[in-house]
Structure formats: C-alpha cells, structure tokens
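Here is a short report for a first look. Please keep the sequence and the 3D view open while reading.

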Amino acid sequence: GRERWHACTSAPVRFAPAVAGNRLFAASDDGFIYCLSTADGRMLWNRRAGPNHELVMGNGFCVSRWPARGGPVVLGDSVFFGAGIWPAEGVYIYALDVATGAVRWLNHDSGMLRMPQPHGDVADSGISAQGYLAADSDRVYIPTGRAGPAALKRKNGALSWFSMHAHSYHGGSDLALAGDIYYVGGQAGYTRTGSLRGAVRQERVLQSTIPSYGLNTLVPLDSGPVHYDKGEVRSLRWEFGKKPDRKGKMVKAWLTPANWTVTPPYGGAAMVAAANVLVSAGPGRQEGTAGVCLIDLTEKRVSWEASVDGIPYGLAIADNRLYVSTDQGELVCFGPGVAPPDSSAQTSAAPAGAGPPAAK
C-alpha cells in the first residue's frame, strides 16, 4: 500500500492507464498521452494530440482545446488513443508505436463528415472520442458519448463505419468487445458493419475474450453477456426468436434469456471477473451500506463479501488480489491472508515527471 512513485501531468487524467509490459500509458486533459516506466514513473516519451498548445476552460480546469478523452488501448506493438471533443474544432485518433511514440497513423478527417443528423438535415459532423477505445485484429473502436460508436481500420486508420443513429439515445462511453459483437449503452452490434443485433437492458455489460485495459466491465465469461439488473446478476445467452414490436405485432428478433441468476448483497455500480469468480460491487440491500462480493461462477453462489466506505466504482484484479476504489477517495486491496500495512510507516515518493510536458 505504500506509494512507490507518482507522476504529474498539466491537467486531469480521466481514464485508467493502459499497461503493456514495463510501460504505462496515460491520456490527459492537457492533450498529451504519456508513456511512463512502471518501475519508477519516469517519462519515456509523450505525444501531443492536437495541432498546438491552445488552452480553454473545461470542467473547472485549464485544459487543451483537444483534451485526450479517448482512453488508451494497447494491442500488439501499438497504442491507440483519441483527442478532441467538438468535431468542428478537430478530432484526432492516433496509432503510436509502443516503444518510441512514433506515429503509425493519424485520422483527423472523421470529425468532419457530411452526414444526416438526428433532426433529419444533412450537416458537417462526425466522431467525437469520449470513452475507452477498444481494438481487435481488424479495427479500432471509438465510443462517442451519446451517439453510436465508430470503427477505424486498424492497419491505416481509415473510417470503417460510424453508427451515429443506430443507437438513438443509447450510446455510451463504455464499449465492450466480445468476438464479433460489441456492446455499448445496453445495445449490441456487429463489429464488422456496426449494425445492431439487439438490446441488453442493464446497468453493466460484461462478456468474454477481450482483456480489460481499464474497462472493468469486461470479463472472461464464455457463456454470454452478464449484467446486473434490478438487484440480480444475470448470465444471458443469445437466441433468435420472436417478440412484440411497439404495436404489439410479433416480429423476429434476437432474445437474451437468462442462463442463471444470483442475488448478491452488493451490486449495481461495477463488476469484474477473473478465473471462475465474478466480483459485484455497489450499494447494499440496507440503506447507507456498500461493499463488494465474490460470486462463484461454478456453483453460482456468493462465496465472500466485505463492506467498504463509500460506493465502489472501480475494480481491478491482479496477482490474486482485488483492488477497489470508492467515491470517498479510498483505495482498498483485498487478498488471501494479507494483513493491512502499518499506515504510520507509509511515505510519499518524490514526484516524477513533475511540471508541464515538453512538446513532442
């Protein structure tokens, strides 16, 4: 629990860093992505996303006009991230070399697309990177806030598809990949085309095959998507059947019946999984309580629980330990037979990389 090092940027870091080997990648509202050594926090390289150092006020801070709000994702020897919120001012999506920060490709055209708008008119608009990026062997996926996600070709950054209207108002910043399906805002679509497959109404969507990279709503389950809804953790499967449309007519559609359900003592704020356990975290059944619990995925039952101070919104699993962060600013580590450290012996490390970044 002792701090080994810390590093400073010139504006808030709003996404969990991505880690690959001995490198840590953090995107900041100052418009830079930073590559730090995991051993000592030393800055190995950084890269400014926008065209210059122009600053504006944002969320009470002095930030770049092109803040890095496309959270980094690492795949192979490339790290992908995005910057820029307003399409009219420029949106920049990068693929950088993990080792050197050299630009593999840059997409700065997809923020200004001539396309239909929700009100029916055609206007200049486009993607706006807002959330954790995701990647697979063929494409890089960009969540765009309330609109639907976009996908760029991984090899050169060219726009593959942008489903701005497919999701109506059910977009989101949390995008999860599972094979040839992506989940965002409670809806599922096909990664190849962006078209919708169906809806999974939930507070958290989880599924298999893609490591987390900071998105704690991704878990390695083979049976299908898992979500928390109305006090229950539900494991779902995809089935093709019929359901009534808004006029009551039975139409063909993908359905998501439950494989199993568990009623956990805590849930609704975050979930994450590893091996054969799933962690459910959030408010408790009694008002004013909150905590985390483990669900044994083999026996489909709660096998352990613990209360925490505040709502646990951040979860991570590594080295047989569970890390929990809460809205009270606490970081708690749970592990088998691990005694808490002596708080009086904790010390703070000298700041590493403090001060404004050099332009690169």
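## A residue and its contacts

Which residues does Val332 touch, not counting residues up to four places away in sequence? Val332 touches Leu322, Tyr323 and Val324. Contact here means heavy atoms within 4.5 Å. Val332 and Leu322 are 10 residues apart in sequence, and their C-alpha atoms are 8.2 Å apart in space.

Val332 has its place in strand E35 (residues 331–334). Strands are DSSP runs of E, at least two residues long, numbered from the N terminus. Val332 is partly exposed, because its relative accessible area is 21%. The cut-offs are under 20% for buried and over 50% for exposed, with partly exposed in between (1.4 Å probe, protein chains only).

## About the model

This is a predicted model: local features need pLDDT of at least 70, side-chain atom pairs count only at pLDDT 80 or more, and totals for chains, interfaces and linings use all residues. Residues are numbered from 1 along each chain as its sequence is written, and side-chain values use heavy atoms, leaving out hydrogens and water.

## A five-stranded sheet

Five strands form an open sheet in the order E11-E10-E9-E8-E14. The pairing is mixed. At the edges are strand E11 (103–107) and strand E14 (131–132), and each pairs on one side only. Two strands pair if DSSP finds at least two bridges between them.

Inside this order, strand E9 (residues 78–83) pairs with strand E10 (residues 92–97). Their pairing is antiparallel and runs over six bridges. Val79 stands opposite Leu96 in E10.

## Aromatic rings

The structure holds 11 aromatic pairs. One of them joins Phe32 and Tyr34. Their centres are 6.0 Å apart, with 35 degrees between the planes, and the pair is tilted. Rings of Phe, Tyr and Trp (its six-membered ring) pair if their centres lie within 6.5 Å; planes under 30 degrees apart are stacked, over 60 edge-to-face, and the rest tilted. Phe32 is buried at 1% relative accessible area. Tyr34 is buried too, at 4%.

The rings of Phe240 and Trp254 have centres 5.3 Å apart and planes at 70 degrees, so this pair is edge-to-face. Phe240 lies in strand E26 (residues 239–244) and Trp254 in strand E27 (residues 250–255), so the pair ties together parts that are 14 residues apart in sequence. Phe240 counts as exposed, at 53% relative accessibility. Trp254 counts as partly exposed, at 25%.

## A cluster with a charge

Which residues form one aromatic cluster with Phe240 and Trp254? Tyr183 and Trp238 do. Arg197 lies over the face of Trp238, at 4.9 Å from the ring centre. The charged end of Arg197 also sits over the ring of Trp254, 3.7 Å from its centre. A charge sits over a ring if NZ of Lys or CZ of Arg is within 6 Å of the ring centre and within 35 degrees of the ring normal.

## Ser37

Ser37 has its place in strand E4 (residues 32–37). Is Ser37 buried or exposed? Ser37 is buried, because its relative accessible area is 9%. Not counting residues up to four places away in sequence, Ser37 touches Trp5, Asn22, Arg42 and Leu44.

## Cysteines

How many disulfides does the structure hold? The structure holds zero disulfides (pairs of cysteine sulfur atoms within 2.5 Å). Cys293 is buried, with a relative accessible area of 0%. Cys333 counts as partly exposed, at 40% relative accessibility.

Methods: Helix = DSSP H or I, 4+ residues; strand = E, 2+ residues; numbered from the N terminus.
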